[in-house]
Amino acid sequence: VRAPGGGSGSDIEAAARLGVAAAVDAGVSDAEAWCEESVHREIRVYDGAVESLTDAGSHGVGLRVFLDGRSGYAYGTDLSDRGLAGLAQVAAAAASVSDPDEHAGLPETPGAAEVEGLCSPGLVDWDNGRRLELALEVERAARAHAGVSQVDEVVYADAQERVALANSRGFAGGYETTSAYAWASALAGEGADLMTGLGLGLARDPGALDPGAIGDEAADRAIGLAGARQPKGRRCPVLLDSFVAASFVGFIGAMLAADAVQRGRSLFAGREGEEIATEALRLADDGTARDGPASAPFDGEGSPRRRIPLIERGRLETYLFDALTARRAGRPGTASAVRSSYRSPPSVGTSNLTIEPGDRTVDELLLDAGDGLYVTDVAGLHSGVNPISGTFSVGASGRLIEDGELAAPVRELTIASDLVSMLRGVRAVGSEARWVPFGGSVHTAPVLIDEMTVSGA
Amino acid sequence: VSLVDHELARRVVERALVRGGDLAELYAEDRMTFGLGLEEGIVERPQAGAERGASVRVVSGDASYFGHVDGLEEAELVRVADSVARALRADARAPAALAAAAGGARHPVKTAPQEVEAARKAEMLHACDERARSGAPEVAQVIASYAESRRRVEIYNSDGTSAADDRTRVRLGVTVVARRNGIVETGHETRGGHGGFEIVAERPEEVAAEAARKALTMLDAREAPSGQMPVVVGNGFGGVLLHEAVGHGLEADHVQKRASVYAGRLGDELAPRFVTAYDDGSRRSEWGSDGVDDEGTPTQTTTVIEEGRLSSYLYDLVRARRDRVAPTGNGRRESFRHLPVPRMTNTFFAPGDATPAELIAGAAHGLYAVSFGGGQVEPATGDFVFGVAEGYLIEGGKVTSPVRGATLVGNGLEVLRGIDGIAGDLDIATGYCGKAGQRVPAGVGQPHVRIRALTVGGTAA
């Protein structure tokens, strides 16, 4: 796979190959080098002016080595020949500390998928002046709403990133991606009535962002919640908006990682092939989606990415496997090795989780809910969910639903259920799906759940 | 040996100001890390890191211009200074001469963790595994991790600041999963600090024993009730309550944008007279301590609540300048690739006169929240959420059954007003705090504290 755009892409490909060679020289039986290079900018604006402007580049390499079933990892920022040789020694020494695992090793069938559209040529046409103007437009849009009392954060960021991966079994590949996003936080109401709202958008380049819509979303969300009060506790239908649905979906995706399953840390252990959700729910992990923020030709250890159906018509189809967990299970992998950066070795995880949209608008879902709760924000998901039993109680805010319409805003409440009951309670998925960067990278519409426990006063 | 030669640092700062600016700064860092994990009795994922780099920041009015680079070679530092300067449009400013290097308080390192053989660290994890499993057939899984880091940082700025800090931290964490008749519970415990290997060298297996005790205790738990009730919060990690419910709202960036419920409240009586709270980044060997902050300001003890009155916000250089006050040593950053922002260091309530037993006896019927799994706050509203990791019912003034699935929701101002007792058993635990995409070590602590009424969201039907 050639890195589009060329430039110094070849430099990191060379560094990756040199890193592997250095490790082999250091006496390991197998080695893999993951090299990254990026240029990124971030602009924060406040009150019509620049608050901060970051324009920077960074690079790094991570070296994973195997020796007699033991694996070790070393990472650093020094890509020189000497730096890589030193790193190889450190990685080999680290490997000697670990206990052997007969399944550890490089993937058997490395390769790269054809993925279109990872890189937008439009990004290079943007200078910092245009970027700033976009950020200011987001802020102006949010402040233009009469109910907005403050816009405390507006952030625009973009990046060009190159990745090169090489291993001692002859795999060498690389790719380039571009990304751009903007978000804003608005406040509405004063004193005890004050509430916040978030608006965001993400794309491959700034030209595909809609600054007005991002500002409007932040404003609308804040205004919709201003004056919220603690509701009375009850059991009722709950409509999760896209942000909230994405947070839950991300959590569920993490529990489908084979590592968590094999080690008894997942509530989905032993449930493959079973009905775990209603027919309305179809979930996939798609590492090749054209507009997916986490899309790439190969995963974190060089297996070709593809679309993996996880829940089809309510049935749990498979877990997510990298090379290690696939070998442990004695089955083919799903190219689900992920890297958060060159600083950590690959581990099993999700790429782009996608919930198949349904055919109903938010208004129709509200009508279906009748009397219930529309949740627009959850907090404390990671401390509030027991990953093994799946029971949860998380903080939330949103709007009451009365007679199929949005009613009074509410806050300081918790919603409680367990993930299995929640999946079995999915009544409908909406039609208005979007990418949300919560819980990893998730594409989802609002999701209507039959019933949850709402605790308040 | 310094990371950047003084003369070179002076030139970089000078170049950064060629097109104006009120403050220019060079931040250089060299970071070495090592970590190791254990699961299913197997030591795995040994990881060693070595990173070096620098950033240049120019502050002009209310705007900060920032760039960073990997490596500390002269050509790289000059290039990033020039690149940052290009964003400005004014006339050159001359920097003040650099003062002699200041270091602030050092936190002793008896045994440099890099000098301890990796095999001993692996043995320590095995010892934790063994101890957690000993005599407890219900223990299904033990997950242990060890991490050490050494960060050397240097800060030079156009006000003449020249500061250096050498920060070594170690941390041991153990999570135990216990299983009985289909019920699964986890217990988590950590030990760590700003110091050397000595922090974990003494009886590390006690950390595992404590994690196991929590998991096994929770096996007998009932589903948590819901509703308003008195809550006694445990010492140590219970301090997450103060950190989330109050501390974030005192960070001056939120305050200056009026995106904090504590904005404009300095001097106001927000808590009863017996409540005092501190942020203290100079506290010896504590997890959230440093010699100087990431802008070269010496760390200090800041009284944030004094006898019930809000007495100070937490400042970095930029926000302190804007409020015309002295910085409080809270300008922190995750690495040279991040802009400093006001962050807590070690935040805790001062000890009071009560005993934990008195607090519990006075609660009649309520919840005893010994430790939290984590928490989150919206500083603008003060609304917070905590997951209770280890909790018990209080019935008739006595601690009775453990409860699972309890979540506390509330508001920072309400909590401060509602404190009706503080014990004398101050303890500080090790946490990581996330803000603006940056993760930094933060000490959270308190003695036992009782709150008159909080909303508990439980899972009981």
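Ala, Val, Leu, Ile, Met, Phe, Trp, Tyr, Cys and Pro count here as nonpolar, Asp, Glu, Lys and Arg as charged, and the others, Gly among them, as polar. This is a predicted model, in which local features need pLDDT of at least 70, side-chain atom pairs count only at pLDDT 80 or more, and totals for chains, interfaces and linings use all residues. Residues are numbered from 1 along each chain as its sequence is written, chains are lettered from A in the order in which they are written, and side-chain values use heavy atoms, without hydrogens and water.

**View 1. The second largest pocket holds about 820 Å³ of space.** On a 1 Å grid over the protein atoms alone, a pocket is an open set of points with protein on both sides within 12 Å along at least five of seven lines, and lining residues have an atom within 4 Å of a point. Among the 36 lining residues, Leu87(A), Val90(A), Met32(B), Gly49(B) and Ala50(B) are the closest to the centre.

**View 2. The lining of this second largest pocket includes 15 nonpolar, 11 polar and 10 charged residues.** Its largest share, 6 residues, comes from α2(A).

**View 3. The largest cavity has a volume of about 130 Å³.** A cavity is a set of grid points where a 1.4 Å probe fits but cannot get out; a volume is the space filled by probe spheres set on the points, which are joined across faces, edges and corners. Val249(A), Ile252(A), Leu281(A), Met422(A) and Leu423(A) are the closest to its centre, out of 14 lining residues.

**View 4. The lining of the largest cavity has 14 nonpolar residues, with no polar and no charged ones.** Helix α5(A) gives the largest share, 4 residues; helices (H or I, at least four residues) are DSSP runs, numbered from the N terminus.

Technical notes
Helix = DSSP H or I, 4+ residues; strand = E, 2+ residues; numbered from the N terminus.
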